[in-house]
Amino acid sequence: MAGNVTVKGWCPGALRPMLSGDGLVVRVRPRFAALSRNQVLALCDAASRFGTGVIDLTNRANLQIRGVTEAAWPQLMKLIGEAGLVDDDAETEGRRNLLVAPDWIDGDDTHRITGLLLNRLNALPSLPAKVGFAIDAGPAPLLSHESADFRIERSESGALLVRADGRDKGALVATPESAVDALIALAHWFVDSGGLDAGRMRRHDADLPEWAAARISPAQAARVPALGIHPAGTLYGLIFGQVDAGNLRAAVEQTNAKGMRVTPWRRLILEGGIPGLPCSGLVLDNSAPELNADACAGAPGCEQATVATRELARQLSGAVEGHLHVSGCSKGCARRLASDICVTGREGRYDVIFKGRADGEPDITGLTASQLLEYFGVK
Ligand code: SF4
């Protein structure tokens, strides 16, 4: 049920920001899923001075600033460019569509493969904007449920695998170098075998080439790590993936963090520093009901939305059983998986889909916000 949603087919970057209902959306793709302390502080400054003062952590582990005016964008770019957060050109930025398991340590296979692939981005063919790579070479995959088209994982016995998304098995690769060769070759095969028509690997049903044939299962996926003390520092949750830039700055300073890792789970790791320190605006409580809810920007921030989302999600979370998704329209930017309760905006009203996605067939249609709250027993 696509409704009147406009599918833009490209993703904003820093060099190629997207105009939305509240101004430009400037999205930064952290290399290695990591930012130094100075980079975090520069991003906080940029959001406070030139954006809405809020930083969004997306479900592809990117960081974005909204509400930037065209006049302010060059100053913002200067600030984050000097911090080393901007690519040389928009084409490189667009190709750098990598999801990296955030628990890597220096010199391990996830770190090495990511570095090797970053150095060979020019060898990739031109791919659809949403097509990306997951570098996930820890003992058990962490990113299996996240959006990516070509994955590096590990088998139960510890061997490296390259796996095309949508296939439940992968092919062995011997070394980090051959893993990168395989990713690049698979991307070329995708284009040459008509994958551009399918758009994403999981929708592309051509037979894989013999060398990449799906033979070995990846190890069982790991659970998303719990909030709190983490081997790399402290893992904090962000309600709806948002953090006030002032709160993030204060958290970095109070904890004396040396940097930050980003994840696709609306959680971030403050690296090093004082472990487990409570920080304003960052969540350490694993039972916080808002952590079991997703909500996109909605109206008025997104021009495609006709309804507000986040305040409603805040009111509904805790009052509903299971996972909640409140989406401003059927595009479902905040979550591509099904939810127990999905509320989708349409023409200024809300539809409800039980056990489905934002683009699913609604079970209840046309509720106002107060009717919706009443339906779920929220006073
Ligand atoms: S899902 Fe939300 S953020 Fe995405 S286009 Fe629709 S209203 Fe905008």
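**Cysteines**

I started with Cys-279, which is buried at a relative accessible area of 7%. For the record, buried means under 20% relative accessible area, exposed over 50%, and partly exposed in between, using a 1.4 Å probe and protein chains only. This is a predicted model, where local features need pLDDT of at least 70 and side-chain atom pairs count only at pLDDT 80 or more, while totals for chains, interfaces and linings use all residues. Residues are numbered from 1 along each chain as its sequence is written, and side-chain values use heavy atoms, with hydrogens and water left out.

Next I looked for a bonding partner for Cys-279. A disulfide here is a pair of cysteine sulfur atoms within 2.5 Å. The closest cysteine sulfur belongs to Cys-44 and sits 12 Å away, so it is too far for a bond.

I checked Cys-342 too: its nearest cysteine sulfur is in Cys-296, 9.8 Å away, and Cys-342 is in no disulfide. Cys-342 is buried, at 0% relative accessibility. My disulfide count came to zero.

**Thr-234**

Where does Thr-234 sit? I found Thr-234 in strand β12, residues 233-237 (strands are DSSP runs of E, at least two residues, numbered from the N terminus). Thr-234 counts as buried, at 1% relative accessibility.

I then listed contacts, meaning heavy atoms within 4.5 Å. Not counting residues up to four places away in sequence, Thr-234 touches several residues, among them Gly-228, Leu-268, Ile-274 and Gly-276. With Gly-276, a polar atom of the Thr-234 side chain lies 2.8 Å from the backbone nitrogen.

Last, I looked up Pro-128, 106 residues from Thr-234 along the chain: their C-alpha atoms are separated by 35 Å.

How values were computed. Helix = DSSP H or I, 4+ residues; strand = E, 2+ residues; numbered from the N terminus. Polar contact = N/O pair within 3.5 Å; in protein donor to acceptor, adjacent residues only side chain to side chain.
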